[in-house]
Amino acid sequence: MSARNPSVDLAPLAGRLRALPPSLGPVRLVAVDGHAGSGKTTFATRLAAALGGAPVVHLDDLATHEEYFAWTGRLRTLVLDPLERGEPATFEAYDWVARSFQGAREITPAPVVLLEGVGAGRRAVRPVLAALAWMELPAAEARERGLRRDGPQLSAFWERWTAAEAAHFAADPSRPFADLLVDGRTGTPIVRPHTKRSLDRDAEEELGFPLSGSS
């Protein structure tokens, strides 16, 4: 089985997420984080369907070749600020082939919005998250999966990405703060009873959101 396994019923998880208090204006922002190649996009797509078509923000649309992880400003201005006001977020997505921002995206302030990508559960974003899911797959296995998916022509990119990802998670880990783990092979979610989730002042200052009222 793989994370694409449609037999795993995500309806119970979808129900729990809908029952959470809003974390960003009227929105329950739910992050899906994990290593590149761990199945984040596949799981987020299935979870969005279980939520009745929840919008999904893909961090690949906000990162660039020059800024793998320096996208928090764009995320705040283009996505989080409008959603907090209860307004649609509209922005141009980064095209990784053309190396430029093009292609309109619109994210509506639905009851649940998914934020999917490496670093979605980073310190700067956690204050506005209703929940954080981590795809449980070892980094080496995720990298092998990604290389098979993308082909040998992108092996040099994967070398650069792997080093940047390792540095990011060493400085700003997401997994210890996850509310649930998701098996990267089967797509089965496992709710964690306790996490280290912490809304600290560094995150408040970096993202520009007050901590009062955050869950």
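What share of the contacts in the chain with a separation of 6 or more comes from residues 24 or more positions apart? Such residues account for 73% of those contacts, where contact means heavy atoms within 4.5 Å. Welcome to a predicted model, in which local features need pLDDT of at least 70 and side-chain atom pairs count only at pLDDT 80 or more, while totals for chains, interfaces and linings use all residues. Residues are numbered from 1 along each chain as its sequence is written, and side-chain values use heavy atoms, with hydrogens and water left out.

**The chain overall**

- The chain has 6 helices and 8 strands; these are DSSP runs numbered from the N terminus, with at least four residues (H or I) for a helix and at least two (E) for a strand.
- Read from the N terminus, the elements follow the order α-β-α-β-α-β-β-β-β-α-α-β-β-α.
- Of the 215 residues, 48% are buried, meaning under 20% relative accessible area, with exposed over 50% and partly exposed in between (1.4 Å probe, protein chains only).

- The average pLDDT (the predictor's confidence in each residue, from 0 to 100) is 88 for the chain, and 87% of the residues score at least 70.
- Residues 198-215 stay under 50 in pLDDT, and the model gives them 40 contacts beyond four places in sequence.
- Where pLDDT is low, the predicted coordinates should not be read in detail.

**The sheet**

- An open sheet is built from 6 strands in the order E2-E5-E1-E6-E7-E8, with mixed pairing; two strands pair if DSSP finds at least two bridges between them.
- Strand E2 (56-58) and strand E8 (189-191) are at the edges with a single partner strand each, so one side of each has no neighbour in the sheet.
- On average, neighbouring strands of this sheet are turned by 25° against each other, direction ignored; the axes are lines fitted to C-alpha atoms, for helices over the stretch in contact, and angles between N-to-C directions run from 0 to 180 degrees.
- E1 (residues 28-33) pairs with E6 (residues 131-136) in the parallel sense over 4 bridges, and Asp33 has Trp134 as its bridge partner in E6.
- Helix H1 (residues 11-18) packs on the sheet and touches E1, E5 (112-116), E6, E7 (180-183) and E8, with its direction at about 135° to that of E1.
- E1 and E5 run parallel, joined by 5 bridges, and Ala31 has Leu115 as its partner in E5.
- E7 and E8 run antiparallel, with 3 bridges between them; their hairpin has 5 residues between the strands, and Gly187 there takes a positive phi near 75°.

**A closer look at E5**

- In a regular strand the side chains alternate between the two faces of the sheet.
- In E5, Val112, Leu114 and Glu116 point one way, Val113 and Leu115 point the other way, and all are buried.

**The nonpolar cores**

- A nonpolar core is a set of buried Ala, Val, Leu, Ile, Met, Phe, Trp, Tyr and Cys residues joined through side-chain atoms within 4.5 Å.
- The largest one has 36 residues, of which Leu29, Leu75 and Val79 touch the most other members.
- The elements giving two or more residues to this core are E1, H3 (72-84), E3 (89-95), E5, E6 and H5 (155-171).
- Not counting residues up to four places away in sequence, Val79 touches Val57, Leu62, Arg74, Ala89 and Phe91.
- Another core lies apart from this one and has 21 residues, including Leu10, Leu13, Ala14 and Ala44.
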